[in-house]
Each structure stands twice: as C-alpha cells, then as structure tokens.
Amino acid sequence: MSEFWAALESIFFKDANLLKRFHTWVGDRGPDIIIAIITFLIGRAIIRFIRQMIEKVMIHGNYDRTAMTFISQIAYYTMYGVLVLICINQIGIPTTSFVAAFGAFGIAIGLALQNNMSNFASGVLLLLFKPFKAGDWISTDNNVEGTVKSIQFMHTVIATKENKLVYVPNSLLTSQVVTNTTTVNERVMSFSFDINYANDHHKAIELLKTIFKSHDEIINADTLEIGIREFAENSVRIVAYPKVRTEKYWPVFYEIMSQVKDTFDANGIDIPYPQRVIHVYEAPEETKNNIDLVDNPESDADVTKDEQATI
C-alpha cells in the first residue's frame, strides 16, 4: 500500500506541470463538478423513489415476489448506469468512448451467451405476462408436469409428483404449449370406459350415471355429458365428462375409477383385453385335391405316366 501512495505522490507532487494542470482543470470545472454532485444526489433519490413505485405497482398487480425483485433490480441498476454517465459527461469527461466500449462488450457477451440470453429474456417475459406463477400446476409439451416452485433467471423449477425438481429452460416455456390447470376454479374430467361388445351398453351407461350422481363433488351430475364415443377394435367406448372443483380433481378422479371397476365387476360388465378373433373354415374336398396337386408336382408326373401306360 505504501508503494501505491509513493507512486501517487511522485506523479502529482513531483511533476509541477501536472499538478498545475490539475489545479487549472479543477478551477475551470469547479461549477460543473458541483452540478454533477448535486445531479447525482438528486438522481439517486429519484431512482430510489421510482424503484419503490415499481414495487408498489407490482404488489398491487399481485405479481410474484421473484418477479418484483428481479424487475426492480434491473430497472434500478439501469437507471443508476445512466445517471453515472450523465454525471461524468457533466464534468467534461467524454462518454462516447464509454458507450462504445460498453456496446461492444455487450455485443460480445450476447454472441457468446446467445442461448443464455434467450433464456434470460424468456424469464423476463414469464415474469411480466405471468402465464403461470409459483404454486401453479402446469404441464408442458416435453412431458414435464408438476408444481412451479420458482421462476429463475435462466430456468423454471418444477416439482413433479415424485418430488423431483426439474429445471426447464425458460426459452422452452415461451416457445411451446404450456397448460396451466390452477388458474380455473372448475375442471372437467375426461373419462373413457371400454366394455365388451357382448355387454348391454344401456346398462353400463346407467351404472355410470348412478356413480356420478352419488358423488357429492360432481357439480354437473344432472347435466352430465355421457355416451358412446366410438366402436373400437375390441370394445364399445363410452365417454363421460363430469365437472369438479380444481382442488378436488385428483381425489375424485381416483375415487371414480375405483367405483367404476367395482360396479362393473358386480354387474357383469366386462372390461375387455386387447384381442384378435381368428375364424377357421373347413375347405371343400375338391379344393383340398387341387391344393395337393399344386403342392406335389411329383404326383402329377406319376399320374401322367400311368395314364400313358394305360393308353
């Protein structure tokens, strides 16, 4: 440290011309330096006020806490950088070179971290437009399904049913279909039941209606949409669309599936396995003889020789 001060002293105090130029510059720029200091102090107060206003607006808009911190910090440091450049320019130091240097540096960083910048920009969009927030249950096109734990700068953290944390790049979540099932108060369950062709489908539908009406959590039991959807290869396919409250979706789903299995078993309604029916036909005698002649050419030659001997 002593060496540093010695070098500083040798520069400013042993060179009279340099010291004289410094005094001249301070004398000429004194008013500008004072204005720059005042500008910095006032600007810092304004920046803090703006940051507080941004946070209040976001709290009023019910933004996620992570989004508020992230956006307020970005706005704060951006305004601070602009303020510093204004003050430097005020005291007579050219800022063009600074701006050019920062611009070149930013371009180099952007090219080197192109994918990361894409994730960063996507994270900003997710935090601003809020297609989902922490605590929502979402599913994505790449078969990731679970509860959103947090939206970070580069990734969104999703906790699956197996309690695994999946880090999904933010750019994927802004470029594919994301299903958010938490934002609605009611959900429609899509059931598909296969029964044997030999069973009475009218009876099966009535049994299903009875199950849905007996469940207290089914909202649309009286107007339930239910019927035959298609005649599949091995079964008659019946579909039903009961409606429940969102928070009751999975408990009701599991209960209904169990009740349907028990009810079908008790009433002789079969849930068929995949199967293939093979029909075997008995061929006529003439067809059999013709097949034997085609398959045994030696016998044809023997018959021809015998016929020639008889003639």
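**Labels and their cut-offs**

Tutor: Five strands make up an open sheet, in the order 4-3-2-1-5, with antiparallel pairing. This is a predicted model, where local features need pLDDT of at least 70, side-chain atom pairs count only at pLDDT 80 or more, and totals for chains, interfaces and linings use all residues. Residues are numbered from 1 along each chain as its sequence is written, and side-chain values use heavy atoms, leaving out hydrogens and water.

Student: What makes strand 4 and strand 5 edge strands?
Tutor: Strand 4 (165–169) and strand 5 (178–180) each have a single partner strand, so one side of each lacks a neighbour in the sheet.

Student: How do you know that strand 1 and strand 2 pair?
Tutor: Pairing takes at least two DSSP bridges between two strands. Strand 1 (residues 137–140) and strand 2 (residues 145–151) share three bridges, in the antiparallel sense. Ile138 sits opposite Gly146 of strand 2.

Student: Why is helix 7 called oblique to helix 8?
Tutor: Their axes come within 10 Å and cross at roughly 140°. Under 35 degrees is roughly parallel, over 145 roughly antiparallel, 65 to 115 roughly perpendicular, and the rest oblique. So helix 7 is oblique to helix 8.

Student: Which residues make the contact?
Tutor: Contact means heavy atoms within 4.5 Å. Among the residues making it are Leu207 and Phe212 of helix 7 and Ile256 and Val260 of helix 8.

Methods:
Axes are lines fitted to C-alpha atoms, for helices over the stretch in contact, and angles run from 0 to 180 degrees between N-to-C directions. Helices (H or I, at least four residues) and strands (E, at least two) are DSSP runs, numbered from the N terminus.
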